[in-house]
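Take a moment to look over the model before reading on.

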Amino acid sequence: MRWSRAFIPTLRDDPADAESANHRLLVRGGFVRRLMAGSWSLLPLGKRVATKVERIIREEMDRIGGQEMLLPVVHPADPWKKTGRWDDVEGIVVKFQDRKESDMLLAITHEEIFTLIATELSSYRQLPQLWYHLQTKFRDEPRPRGGLLRVREFTMKDSYSFDVDPSGLDAQFEAHREAYSRIFERLGVEAIPVHASSGTMGGKESVEFMVESEAGEDDIVVCPNCGYAANTERATSGAPPVEDEPWEGEPEEFDTPGIRTIAALADAFDFASPERQIKTLAYVVGGELTLILLPGDHELMEQKLIDGLGTFDIRPAHDDEIVAALGAHPGSLGAVGVRHLRVIADPALRGRFNMVTGANRDDRHLRGVDVERDIAVDQWLGVRLTRLGDPCIECGSPVQVRRSIEVGHIFKLGTKYAEALGATVVDEHGEEREIWMGSYGIGVGRNVAAIVESSHDDKGIVWPVAVAPYEAVVTVVTMEDAATVAAAEGIYRELEEAGIETLIDDRAERPGVKFADAELIGIPYRVTVGPKGLASGEVEITRRRDGFTESVASGQVAEKVVAAIVAERR
RNA sequence: CGGGCUGUGGCGCAGCUUGGUAGCGCGCGUGCUUUGGGAGCACGAGGCCGCCGGUUCGAAUCCGGCCAGCCCGACCA
């Protein structure tokens, strides 16, 4: 490609509204342009990168037996109503009606429709099956952010596995785990698999692939000793040890005028440090007021509550609901003596005594509370957020918490969708059985963003060869010197003929502009052809990754560049 | 959904406090000079000042409403 003919609208300045590296560099390098919040056009360079990411995904899916299809992006409501998700996905899904006033939606994922196709399977002999497509999803995210990291419209590779039994599902799940690891390795991102929450997908087991990055939106818990790794939405840890001081007898009420927070209570009384308080949260779960208890120095991870209770129908209670049920306002709440409400407590409170909690009378608290003696806990459920330094659940070593980008997610779905939509096969005994399903997703644009986040410097993007929009650029130092132009054109032709995707920078620009642009858009290898070097028959090869430069006889340059690139293609 | 910030040529910004000709840098076009790290000079093109309404003789500027974008947070009692 001739740069003079290419549409590569690079910008000299960073766009003002861009914070994260991928946003800043992809816009500045002319890869993408924003249409609206969370909605991006891929320009020629961006499309080339996305296509390469897709090719790698396809190759790895095909390698484990995947068959590519293409399903529609507009779905009728009916199958979504049958699986119960028509209501579950309220808010994130765009719903509308066609001219006949039939309910429809824009696909946020494709479990329902792939399962409908799977109803055509009739015998266990046809299983296993593995189907996938690369298709647009539209999710009306409440807050798109971070350039291509969280968007509303995006291309996703989603695959779906169909098996006659759980062990078949396990095998396909493992195949995906390996395929995904290969994909991320080829993309040049360091993704670690972690235990995760299944969210709206349902199902029991899921693994996320996470790339450590400050731009990420998730925190993962990692144990440096034994390798345990999990999203904080799911991670469990041991209870950090606390030494309670002895207390004889019943809890004792005391005055706490104007005190509404754990911090304020801790400041006012030296026996009420946060770790010795019981934090009492009021939630409405399935329409019923429920108390959630945690050690005062811990935080609730709402997703664990959702997962642990098996319902999305939870929300913090409003003040008036709390007052009506407990007779006190938030800030003076407690569960001692509460029998008419469901009480859920984090296991970190087990065996704790001489604790401080609200008395359910405004401006009054209780001290000397023995959790198991004084509180009627209906359910012990691990709902607290794992913190840096908490003991690892597997080995007890202090865990780390790292900000990360979720680049892939694989789920064991079980038979939920098959049951709802009637996808069954007959087994070898002639009996009808529901199909066991898994679903597996990788967002294309988010992976492009993750690559940029983890591979850039102050000059611009550093693409791995495998996904670079072009593998090499021939920089013509001056277009005014006929010998220079002729030599550059010759090298360009050689590289093209050797199958190297090459740009020739034949613009009437000064060399500094060409160097800066080549670095900004991140081309892995640059061949610089100018009169200075040509005087001794030489040109330069510069590697983007580390700036390493060597002079090479112009007759040998193509061969050297080809060898370097082929070795890095993956 | 709550909070903060921001909307002025393609990009980055000033002007707004104190109402009166819309400005700067980059980029773009033409010409000359220059040519191994974002050149210089000269001339030139390009703006519904986010939108609607109000105040005023007069609004980018003051007032009200709306829309859009970015960042933080996700009710933690």
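A polar contact is a pair of N or O atoms within 3.5 Å; within protein, one atom must be able to donate a hydrogen and the other to accept it. Keep that cut-off in mind, and remember that this is a predicted model.

Now find Asp457. This residue sits in strand E25, which covers residues 456-457. Is Asp457 buried, partly exposed or exposed? Its relative accessibility is 26%, so Asp457 counts as partly exposed. The cut-offs matter here, because buried means under 20% and exposed means over 50%. Which residues does Asp457 touch, once those up to four places away in sequence are set aside? They are Val462 and Arg544. With Arg544 there is a polar contact between the two side chains, at 2.8 Å. The side chain of Asp457 also reaches the backbone nitrogen of Lys459, at 2.8 Å. Ser39 is another matter. Asp457 and Ser39 are 418 residues apart along the chain, and their C-alpha atoms are separated by 26 Å.

Step back to the whole of chain A. The chain has 570 residues, and 52% of them count as buried. Its C-alpha trace spans about 95 × 65 × 50 Å along the principal axes. Chain A contains 16 helices and 31 strands. Look next at which parts of the chain meet. Take the contacts with a separation of 6 or more: 69% of them come from residues 24 or more positions apart.

An α-helix has 3.6 residues a turn, so residues three or four places apart point the same way.

His298 is buried, with a relative accessible area of 3%. Its contacts, leaving aside neighbours within four places in sequence, are Pro240, Lys279, Arg384, Leu385, Arg387 and Asp390.

Turn to the aromatic rings. How many aromatic pairs does the structure hold? There are ten. One of them is Phe114 with Tyr160. Their ring centres are 4.4 Å apart and their planes meet at 25 degrees, so the pair is stacked. Phe114 belongs to helix H5 and Tyr160 to strand E8, so the pair ties together parts that are 46 residues apart in sequence. Both Phe114 and Tyr160 are buried.

Compare Phe254 and Phe271. Here the ring centres lie 5.4 Å apart and the planes stand at 70 degrees, so the pair is edge-to-face. Phe254 is in strand E13 and Phe271 in the loop between H7 and E14, so this pair ties together parts that are 17 residues apart in sequence. Phe254 counts as buried at 10% relative accessibility. Phe271 is buried too, with a relative accessible area of 17%.

Rings can also link up as a group. Tyr180, Phe184 and Phe209 are joined by ring pairs into a cluster. The charged end of Arg48 sits over the ring of Tyr470, 3.9 Å from its centre. The charged end of Lys412 sits over the ring of Phe173, 5.0 Å from its centre.

Finally, move to RNA strand B. There are 44 residues around it, and Arg12, Arg143, Gly331, Glu519 and Glu540 come nearest. By class, the surface near the RNA has 16 nonpolar, nine polar and 19 charged residues. Which element supplies the largest share of this surface? Helix H14 does, with seven residues. Other elements that supply at least two residues each include E1, E14, E29 and H15.

What part of the RNA faces the protein? Of the RNA atoms within 4 Å of the protein, 52% belong to sugar or phosphate and the rest to bases. Individual residues show both cases. A polar side-chain atom of Arg143 lies 2.3 Å from a phosphate oxygen. Gly146 has a backbone N or O atom 3.3 Å from a phosphate oxygen. Glu519 instead places a polar side-chain atom 2.3 Å from a base nitrogen.

How values were computed
Residues are numbered from 1 along each chain as its sequence is written. Chains are lettered from A and ligands numbered from 1 in the order in which they are written. This is a predicted model: local features need pLDDT of at least 70, side-chain atom pairs count only at pLDDT 80 or more; totals for chains, interfaces and linings use all residues. Side-chain values use heavy atoms; hydrogens and water are left out. A residue is near a molecule or strand if one of its heavy atoms lies within 4 Å of it. Helices (H or I, at least four residues) and strands (E, at least two) are DSSP runs, numbered from the N terminus. Ala, Val, Leu, Ile, Met, Phe, Trp, Tyr, Cys and Pro count as nonpolar, Asp, Glu, Lys and Arg as charged, and the others, Gly among them, as polar. Rings of Phe, Tyr and Trp (its six-membered ring) pair if their centres lie within 6.5 Å; planes under 30 degrees apart count as stacked, over 60 as edge-to-face and the rest as tilted. Buried means under 20% relative accessible area, exposed over 50%, partly exposed in between (1.4 Å probe, protein chains only). A charge sits over a ring if NZ of Lys or CZ of Arg is within 6 Å of the ring centre and within 35 degrees of the ring normal. Contact means heavy atoms within 4.5 Å.
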